[in-house]
Structures are given as structure tokens and as C-alpha cells.
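Good morning, and thank you for coming. Please look at the sequence and the structure that I am about to show.

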Amino acid sequence: MKIAMLARNPNLYSHKRLQEAAEERGHTLDIINTLRCYMNIASRRPEIYYNGEKLPLYDAVIPRIGASVTFYGLAVLRQFEMMGVYPLNESVAIGRSRDKLRSMQILARDGVGLPVTTFAHDPKQTKEILKLSGGAPLVIKLLEGTQGIGVVLADTDRSAKSVIEAFRGAGVNILVQEFIKESNGTDIRALVVGGKVVAAMQRKGAEGDFRSNLHQGGTAHAVKIRPEERSTAIRAAKAMGLNVCGVDMLRANHGPVVMEVNSSPGLEGIETATGIDVAGQIIELLEKKAQPGKTKTKGKG
């Protein structure tokens, strides 16, 4: 099987592991810099060019598209789909997951547990937003933030009001969510591959930080997740239409709540914490699924 991987940095742990896993199983995997691709959008003859040459026809494509290049990356991935190349994750599904508001709306529609989440355009509605969210402490998130960047914890209604008005005054879109105090600065990432949770870790934030992202200095260890957490992760992945994703959950008193569904989850933290060959399971999924022409979008919303 001939696989293309859309990724800007070939030296990242996740990208090297996927390449190793593919080659160990007798496949070839080419790492293609997403931003160096250009396309010929012609009737019935979709083509992709790279470094001056037309790319060959691949059996599968693994999109590892950075959040900062989502728009162009999805355009390139759609072109692969038009050529009949099987995508590990579909362009429409990735687009949903990158839009925090849309992803929350889809998860809520499908009955997946979420923290109370509010969204408004007008800064004059701040008082109503605070009331709907249950009051401080509250978590305020930029819609475009990643890796814990652009996430603020407001301890009082006054500080929440100041942060919301500052963001909205700058024309920045934000979500306001209830703060799940009982999670104690920890979350669970469940790695879903092909409709199954193949690995899970619990992450704890750095001292004094409520965010548990490993990029922000958090730590991780393997964890045995509860049946309800497993089913929540699987339902979240299905709702988003993602074959492979990391589902980040908090343990609330009323059950697991999903904070985010990541369509390009890093592998280093979870493989190191659990010792599980996640990269190998991703390649095995492609071996089962990758057939020319199986690229029609299946998700809804």
C-alpha cells in the first residue's frame, strides 16, 4: 500500500512513528509538506502537484494538518478525496472538529455529555451569559485556540465580565463554559481508532495550572477508564465522523463531559504513558479500510 501523509514537520514523534509503523508492515509512506502542494482543479481530472511534479495516485492519505493551516490543508485533502484516495479522517469531519462551536453543537445534538457552554456575539449580553453558565468560576476559551492556549479561568463574576468584554471588544469569538472543579486539574484523553478506544491516559496540569495539556507542562499516566467514559469517547468520535481522534474528557460529578475532540492527536504522550503501539493500530485500520473510491462523506451536520 502506498500512503501519503500531509504534515509540515517530518521530524515530529507522531509522524516518524506512523512512518515506521507503515514501513514495518511493508508499506511505503511519503511525508508531504501540505503548504508545498498545489492543485489543478479541472473537470474529471483532479491533480495535485508537489515540488514541480505531479503526485502519483496513493491508496490512502493521513492528514496531520496543523491548526494554523486548516483552511489550505483541508483544500489539499479534499483534492486527494476527489482523486479517490482513502482519507484516514475525512475533510468534512476535520473541519467540524476544528470549529469548537460547531463541534459542541454536534455533540450536544447527539446527546454526548458536555459542560454547560454558552456563546454570544454582543458584549452587552455578558450578564446573561454569566447567568446561563452558572456563574463564576468559569472557563473562557478562544474558538481558535489549541494546546491550552487562549483558555482563561475566571474566579469571580467581575473578572469573567472583564475578560469576556475584553475579548469581545477585540472582535474575538469565545465560548464560556462551567468550571468542573471536581476534576482537580486532570482530564482523560481516550484515543479512538476505528470506533474503539485503543489507549487512554490521565493528564494532570502543572502545579497551579488548571489546564492539563502536556504542551503546558502537564504530566500523564495510563488509566483504566470507566465503561461510561469509553462509550462517551466512542459516541463523540462517531458524532464527529472521525476514524481516529483523541477525545478529551473531564470526570464531573454527573458523569464524563467532553471538552474537545482532536482530529490530529499527538502520539508521543499516549504511547509513552501506556506503552501501546497506537501508530501500528492506525496503519492496520488503513489496511482494512483503504480502497479506491471509498471517500464519500458519511458524517452529518
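Predicted model: local features only at pLDDT ≥ 70, side-chain atom pairs only at ≥ 80, totals over all residues.

Where is Pro137 found? Pro137 sits in the loop between α5 (126–132) and β9. A cis peptide bond joins Ala136 and Pro137, with omega at about 0°.

Residues are numbered from 1 along each chain as its sequence is written, and side-chain values use heavy atoms, with hydrogens and water left out.

Let me turn to the chain as a whole. The chain has nine helices and 16 strands; helices (H or I, at least four residues) and strands (E, at least two) are DSSP runs, numbered from the N terminus. The radius of gyration of the chain is 20 Å, close to the 19 Å that the globule rule gives for 301 residues, so the chain is as compact as a globular protein of that length. That radius is taken over C-alpha atoms, and the globule rule is 2.2 Å times the number of residues to the power 0.38. Along the principal axes, the C-alpha atoms fill a box of roughly 60 × 40 × 35 Å.

How much of the chain is buried? Of its 301 residues, 48% count as buried. Here, buried means under 20% relative accessible area, exposed means over 50%, and partly exposed lies in between (1.4 Å probe, protein chains only). Among contacts between residues at least 6 apart in sequence, 67% join residues at least 24 apart; a contact means heavy atoms within 4.5 Å.

Next, the sheets. In general, strands of a sheet pair through backbone hydrogen bonds, either parallel or antiparallel. Two strands are said to pair if DSSP finds at least two bridges between them.

Four strands form an open sheet with parallel pairing, in the order β2-β1-β6-β7. At its edges stand β2 (28–32) and β7 (86–87), each with a single partner strand, so one side of each is left without a neighbour in the sheet. Strand β6 (residues 60–63) runs parallel to β7, and two bridges join them. Within this pair, Ala60 stands opposite Tyr86 in β7.

A further open sheet has three strands in the order β3-β4-β5, and its pairing is antiparallel. Its edges are β3 (37–40) and β5 (53–54); each has a single partner strand, so one side of each is left without a neighbour in the sheet. Two bridges join strand β4 (residues 47–50) to β5 in the antiparallel sense, and Tyr49 has Lys54 as its bridge partner in β5.

The loop between β4 and β5 holds Asn51. Is Asn51 buried or exposed? Asn51 is exposed, with a relative accessible area of 52%. Asn51 also has a positive phi of about 50°, although it is not a glycine. Asn184 has a positive phi too, of about 55°, and is not a glycine either. Asn184 lies in the loop between β11 and β12 (186–193) and is exposed, with a relative accessible area of 57%. For context, most residues other than glycine have a negative phi.

Four of the five residues of strand β9 (residues 138–142) are buried, so β9 is largely enclosed by the rest of the structure. Which strands pair with β9? Four bridges join β9 to strand β10 (residues 151–154), antiparallel, with Val139 opposite Leu153. β9 also pairs with strand β11 (residues 174–178) in the antiparallel sense, over five bridges. In β11, the bridge partner of Leu138 is Glu178, and that of Lys141 is Leu175.

Strand β11 is likewise largely enclosed by the rest of the structure, because four of its five residues are buried. Strand β8 (residues 117–118) pairs with β11 over two bridges, again antiparallel, and Thr117 stands opposite Gln177.

Ser264 is buried, with a relative accessible area of 16%. Which residues does Ser264 contact, leaving aside its neighbours within four places in sequence? They are Pro63, Arg64, Ile65 and Arg98.

Thank you for your attention.
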